[in-house]
Amino acid sequence: MPLLVLSRRWAVLSLLALLTLGGIAPRLTADAAKWRERLTKGDPDELFASVQAALTSKDASAALPLIELALATPHGHLAVAAGEALAAIGPAPLKDGDVLKAVAAGVKAKEDARQVNLARLLGAWGVPEVDKHLAQLAAGRRAPEVQAEALFCCGMLTPGGEQDFPEVKAAVLAA
């Protein structure tokens with residue numbers, strides 16, 4: 001296995017361990033802890049299989065680990081797949097303050113790659129409750145790569161009514 005892949009994996013695992021030991025990471029239920037373990041170990045194919053398991057189970061306890069995976073992965077397809085799994089779960093996880101904090105932290109991330117992956121996740125999730133966050137990523141004050149990906153992901157949304165995604169609509173018009 002290439003050294004770069006190993007170093008990325010260890011970096012992600014080390015970060016999660018540091019956050020957990022430092023008390024920064026949210027306290028997880030037993031189910032969420034199982035999902036976190038499944039969604040932080042393995043090569044991209046194994047992670048994708050775990051994301052697909054979350055999609056078919058529609059287990060809301062997988063929401064936070066799915067968001068963490070999407071933000072940490074260097075593989076864009078995993079961020080989209082995590083968003084699709086969240087779409088199967090629906091908007092219910094957004095009632096959890098830790099999920100909202102993770103999304104807000106992703107919007108404020110300093111690394112463009114994390115913001116791009118968040119845009120992919122939110123676009124695939126596609127619930128109106130993510131309107132504000134996706135609109136912030138599509139704003140003109142972002143790096144061009146982030147804004148372009150966020151605008152592309154805005155196109156993935158399927159509004160069901162006149163009032164769905166008003167902030168995204170304004171961000172697209174402003175772009």
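1. Which residues have the most contacts inside the largest nonpolar core? They are Leu66, Ile67, Leu122, Trp125 and Leu134, in a core of 46 residues. A nonpolar core here is a set of buried Ala, Val, Leu, Ile, Met, Phe, Trp, Tyr and Cys residues joined through side-chain atoms within 4.5 Å, where buried means under 20% relative accessible area, exposed over 50% and partly exposed in between, with a 1.4 Å probe and protein chains only. At least two residues of this core come from each of H3 (44-57), H4, H5 (76-89), H6, H7, H8, H9 (144-154) and H10 (166-174); helices are DSSP runs of H or I with at least four residues, numbered from the N terminus.

2. On provenance, this is a predicted model, in which local features need pLDDT of at least 70 and side-chain atom pairs count only at pLDDT 80 or more, whereas totals for chains, interfaces and linings use all residues. Residues are numbered from 1 along each chain as its sequence is written, and side-chain values use heavy atoms, with hydrogens and water left out.

3. Leaving aside neighbours within four places in sequence, Ile67 is in contact (heavy atoms within 4.5 Å) with Leu86, Val99, Ala102, Val103, Leu121 and Trp125.

4. In H6 (residues 97-107), the buried residues are Val99, Ala102, Val103, Gly106 and Val107. Seen down the axis of H6, these fall within an arc of 145°, so they line one face of the helix; the arc is that of the directions from the helix axis to the C-beta atoms. Their cover includes H4 (63-72), H7 (112-125) and H8 (131-137).

5. H3 has 14 residues and reaches 20 Å from its first C-alpha to its last, close to the 20 Å expected at 1.5 Å a residue, the expected span being 1.5 Å times one less than the number of residues. Leu47, Ser50, Val51, Ala53 and Ala54 of H3 are buried, and they cover an arc of only 155° around the axis, which puts them on the same side of H3. These buried residues pack against H2 (30-38), H4 and H5, while the face turned away from them carries the exposed Asp45 and Thr56.

6. After H3 comes Lys58, whose phi is positive, near 55°.

7. With a disulfide defined as a pair of cysteine sulfur atoms within 2.5 Å, the count is zero. The sulfur of Cys154 is 7.4 Å from the closest cysteine sulfur, in Cys153, too far for a bond. Cys153 counts as buried at 1% relative accessibility, and Cys154 is buried at 9% relative accessible area.
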